[in-house]
Amino acid sequence: MRAIVITEPGRPEVLQIQEVADPVPGDEEVLIRVKAFGVNHAETHMRKGEWPEATPISGIEAVGTVVMDPSGVLAEGTKLLTIMGGLGRTRNGSYAEYTVAPAANVARIETSLDWADLAAIPESYATAWLTLHGNLELEAGQSLLVRGATSALGQAAVNIASDLGANVIATTRRESRAPLLCSLGAAGVVIDTGTIAGEVRKLAPGGADRVLDLVGNSVLRDSLQAAAAKGRVCQAGFLGGLGPVADFLPAFDMPSGVQFSFFGSFEVGTEGYPISAIPFQDIVAKAEAGIYQAKPARVFAFEEIAEAHRIMEAGQAGGKLVVSGA
């Protein structure tokens with residue numbers, strides 16, 4: 001089969017298309033014909049050798065059809081999506097014609113969406129759903145700050161939270177992207193300068209009830225200060241880089257009563273975060289109806305994977321980047 005292989009750690013050009021052996025599914029695995037896949041920030045770090053675990057064939061999510069399910073549960077040709085389960089980390093991922101995923105990490109889908117549109121959903125909407133309903137326990141009427149809102153995950157979070165009835169405050173570094181965030185359901189937009197707690201408190205007096213921080217450690221202190229008393233902050237991204245928080249002291253840096261948690265999407269499909277807990281079919285139905293605006297920002301050919309990585313690293317994605325299958 002054709003696959004995109006990380007030939008060595010480095011720039012996007014190290015992603016090369018090669019002929020490799022077809023994967024073979026074992027027990028409790030499913031062989032999938034990849035029709036399209038989303039591109040994720042984690043994969044750029046894997047490509048550069050900055051991630052603790054990475055396989056030669058990257059890709060942590062995909063949509064496609066069943067080629068073989070040794071258990072007989074899924075018939076050949078069944079539409080599905082797959083996410084995590086070690087894809088791209090401990091087992092070769094979705095940057096290929098075929099991939100093998102754990103059966104626990106696939107979800108059967110019935111949809112009229114085309115493959116590219118469907119590929120914009122799995123990782124972004126699964127992570128947004130789990131953080132909003134799990135870590136943050138967001139409720140209608142509460143205020144939510146989404147930091148890093150123009151990212152694919154951020155846009156999904158704004159969509160889901162707005163539909164839930166939350167008062168969403170979204171951030172972007174570019175004023176030109178404010179109309180996009182408002183169209184997704186944001187009630188207010190803050191231009192992120194790195195220090196925005198004061199601006200957030202103007203829109204949400206007393207602070208935001210819930211904060212979803214996708215920028216990461218570079219703004220963690222400020223995100224904590226933007227939260228209301230007894231509020232919750234969840235970090236679920238690292239758009240600002242992987243560097244640690246220097247000299248972080250909870251006694252001085254965390255407001256009293258504010259709860260802070262982290263969510264790593266690589267947990268999806270584990271016992272604590274089963275695929276069945278994510279209403280993928282409902283999410284897809286809302287995307288079909290236009291309630292969730294889950295369209296890809298741009299679709300690339302299989303041969304254009306290096307360009308997709310360049311655009312993502314330059315901060316020019318503007319949403320979900322999707323690659324069509326080989």
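Helices (H or I, at least four residues) and strands (E, at least two) are DSSP runs, numbered from the N terminus. The model is predicted: local features need pLDDT of at least 70 and side-chain atom pairs count only at pLDDT 80 or more, while totals for chains, interfaces and linings use all residues. Residues are numbered from 1 along each chain as its sequence is written, and side-chain values use heavy atoms, with hydrogens and water left out.

**View 1. Thr78 in a loop between two strands.** Thr78 belongs to the loop that runs between strand 4 (61-68) and strand 5 (79-83). With a relative accessible area of 14%, Thr78 is buried; the term means under 20% relative accessible area, exposed means over 50%, and partly exposed lies in between (1.4 Å probe, protein chains only). A polar atom of the Thr78 side chain is 2.7 Å from the backbone oxygen of Ala75. Apart from neighbours within four places in sequence, Thr78 is in contact (heavy atoms within 4.5 Å) with Gly64, Thr65, Val66 and Arg108.

**View 2. Met84 and its positive phi.** Met84 is placed in the loop between strand 5 and strand 6 (98-102). Its phi is near 60 degrees, a positive value in a residue other than glycine. Most residues other than glycine have a negative phi. Met84 is buried, its relative accessible area being 1%.

View 3. Helix 3 is followed by Glu137, which is found in the loop between helix 3 and strand 8. Phi of Glu137 is positive, near 45 degrees, in a residue other than glycine. At 43% relative accessibility, Glu137 counts as partly exposed.

**View 4. Helix 4 and the elements that cover it.** Helix 4 (residues 152-164) is mostly covered, with 10 of its 13 residues buried. The buried residues are Ala152, Leu153, Gly154, Gln155, Ala156, Ala157, Val158, Asn159, Ile160 and Ala161. Their cover includes helix 3 (122-135), strand 8 (143-147), strand 9 (167-172), helix 5 (178-184) and strand 11 (208-213). Gly165, whose phi is positive and near 105 degrees, follows the helix.

**View 5. Ser223 in helix 7.** Ser223 is part of helix 7 (residues 220-225). It counts as buried, at 0% relative accessibility. Once neighbours within four places in sequence are set aside, Ser223 is in contact with Arg147, Val211, Asp213 and Val233.

**View 6. Gly241 in relation to Pro122.** Gly241 lies in the loop between strand 12 (227-235) and helix 8 (250-253). Its relative accessibility of 26% makes Gly241 partly exposed. Gly241 and Pro122 are 119 residues apart in sequence, and their C-alpha atoms are 23 Å apart in space.

**View 7. Helix 10 and its packing.** The buried residues of helix 10 are Ile305, Ala306, Ala308, His309, Ile311 and Met312. They pack against strand 1 (2-6), strand 2 (15-19), strand 3 (29-39), helix 1, strand 14 (298-300) and strand 15 (321-324). Helix 10 is followed by Gly315, which has a positive phi near 70 degrees.

View 8. About 1,100 Å³ of space lies in the largest pocket. On a 1 Å grid over the protein atoms alone, a pocket is an open set of points with protein on both sides within 12 Å along at least five of seven lines, where a 1.4 Å probe fits; lining residues have an atom within 4 Å of a point. Grid points are joined across faces, edges and corners, and the volume is the space filled by probe spheres set on the points. The lining comprises 49 residues, of which His41, Ser151, Leu214, Phe238 and Leu239 lie nearest the pocket centre. Helix 1 (41-47), helix 3, helix 4, strand 9 and helix 10 (305-313) each supply at least two lining residues, and helix 1 gives the most, with four. By class, the lining has 18 nonpolar, 22 polar and nine charged residues; Ala, Val, Leu, Ile, Met, Phe, Trp, Tyr, Cys and Pro count as nonpolar, Asp, Glu, Lys and Arg as charged, and the others, Gly among them, as polar.

Technical notes: Polar contact = N/O pair within 3.5 Å; in protein donor to acceptor, adjacent residues only side chain to side chain.
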